[in-house]
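The sequence and structure come next.

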Amino acid sequence: MEVRKTVLVSHSAEEMFDLIEAAEHYPAFVPGCRAAQIIERDDTVVAARLTLRSAGISIELETRNPKRRPHWMEVTLTRGPFRHFYGEWRLTPLNAAACRIDFTLAYELDGVAGRVAAPVFARIADNLVDAFVVRAERVLGVGRAAAMAPPAPVDTRVEAPVTESMAEPPAPAAAAPSTIPPAEPNPPPIGAAMTDSSLLTTLRASKLAAELTDDECRMLAEAMELRPLKTGDVLVQEGQADEHFYLIVKGVLGVVKGVGTTDQVTLNTLSAGDFAGELSWLDGAQRYASLTALAETEVLGLERAKLEALLPKDPWLVYRVMRAIIRAVHQIQYRLSMQQSELSNYIYKQHGKY
């Protein structure tokens with residue numbers, strides 16, 4: 001089996017190399033990675049022991065990886081159920097705030113146990129680069145290049161008839177955090193019903209509630225529904241319309257084209273704090289791809305009709321929720337615009353040799 005991935009990111013090669021090398025943090029964001037330990041690390045090599053587990057199947061392996069920071073790292077196996085295993089990371093700086101990442105992995109699992117574990121490892125390997133992109137956005141932000149880019153011509157206004165009841169209320173005393181923290185002290189187990197307080201705490205910490213008062217946050221929480229998903233569950237099917245917007249509470253959702261077919265491909269991975277399905281939720285269009293749980297996952301769903309029902313009660317709540325969604329869409333647009341520009345520059349400078 002062979003995996004080849006190329007991606008442009010709005011972070012420097014040094015920043016991305018640090019994320020890739022820090023294997024001890026893989027369990028926090030790499031789907032299927034349950035444990036990781038650094039065995040050795042110096043300026044020329046890093047060695048690690050990893051435990052991968054999915055669908056009840058575990059794979060333990062050790063690697064010893066030569067490196068030249070921040071441009072290259074080889075992944076070589078020292079112990080594990082593989083007949084053949086070789087990987088390579090190459091990072092090419094595009095400018096001070098962006099780089100291109102090329103990842104190659106060729107492997108063959110050994111024996112009967114290897115054949116059983118093959119689908120599990122294939123899923124993990126296929127989503128590995130996407131997991132690092134999501135991790136970079138969560139840890140490093142949208143990137144300096146994207147943050148410095150001029151605003152794209154998108155109208156983010158939400159217009160509604162002005163009435164006395166819509167007069168802007170006083171701003172809350174303190175701004176709410178704009179992102180979900182990496183972990184909660186005692187998060188509820190996957191599949192367990194969240195209490196009202198834990199749901200409210202989760203929503204309060206999310207970027208969806210960044211501008212909401214505590215009362216507005218409680219009102220929004222009452223309109224949302226918690227959905228637990230097992231690994232492999234399809235939340236939304238490709239080609240179907242769905243009236244829900246989703247906020248990922250924990251776990252990983254894959255944006256998958258052709259799910260369950262031989263042409264299946266994962267277009268993106270979304271983790272805790274990310275929004276899912278916001279554009280189709282806004283315009284009612286059929287979903288371009290399926291939303292599939294790549295690990296045990298929990299999401300908060302908001303039905304469009306339930307948000308619209310809040311308009312007469314608190315129009316400013318609806319306005320602020322829509323602002324939060326538009327901000328997330330704008331960040332995506334920034335990133336895509338930057339990547340398109342950098343890709344064009346790269347191809348031009350390399351005379352078309354990509």
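## Bridges around strand β6

In this predicted model, Gly 87 stands opposite Leu 105 in β7. Strand β7 covers residues 98-109, and twelve bridges join β6 to it in an antiparallel run. Another pair across these two strands is Trp 89 with its bridge partner in β7, Phe 103. The link from β6 to β7 is a hairpin with two residues.

Strand β5 (residues 72-79) and strand β6 (residues 82-95) are paired antiparallel, with five bridges between them. Two residues lie between the strands in the hairpin of β5 and β6, and there Gly 80 has a positive phi near 155°.

## The sheet as a whole

Seven strands make up an open sheet, paired antiparallel and ordered β1-β7-β6-β5-β4-β3-β2. At its edges are β1 (2-9) and β2 (33-41), each of which pairs on one side only. From one strand to the next, the twist averages 20°.

## Helices on the sheet

Helix α1 lies across β1, β2, β3 (45-54), β4 (57-68), β5, β6 and β7, and runs at about 155° to β6. Helix α3 also packs on the sheet, where it touches β1, β6 and β7; the direction of α3 makes about 20° with that of β1.

## Where the two helices meet

Helix α1 spans residues 13-21 and helix α3 spans residues 128-140; they pack at an angle of about 115°, and their axes are 11 Å apart. Angles of 65 to 115 degrees count as roughly perpendicular, so α1 is roughly perpendicular to α3. Their crossing is right-handed.

From α1, the contact is made by Glu 15, Met 16, Leu 19 and Ile 20, and from α3 by Phe 132, Arg 135, Ala 136 and Leu 140. The residues of this contact comprise six nonpolar and two charged, with no polar ones.

Which residues is Phe 85 in contact with, leaving aside its neighbours within four places in sequence? They are Leu 61, Val 75, Leu 77, Leu 105, Ala 106, Tyr 107 and Phe 121. One of them, Ala 106, is 21 residues from Phe 85 along the chain, yet the C-alpha atoms of the two are separated by 5.8 Å.

How values were computed. Residues numbered from 1 in each chain as written. Predicted model: local features only at pLDDT ≥ 70, side-chain atom pairs only at ≥ 80, totals over all residues. Heavy atoms only, no water. Pairing = 2+ DSSP bridges. Helix = DSSP H or I, 4+ residues; strand = E, 2+ residues; numbered from the N terminus. Contact = heavy atoms within 4.5 Å. Axes fitted to C-alpha atoms, helices over the stretch in contact; angles between N-to-C directions. Parallel < 35°, antiparallel > 145°, perpendicular 65-115°, else oblique. Left-handed = near helix turned anticlockwise from the far one by under 90°. Nonpolar A, V, L, I, M, F, W, Y, C, P; charged D, E, K, R; others polar.
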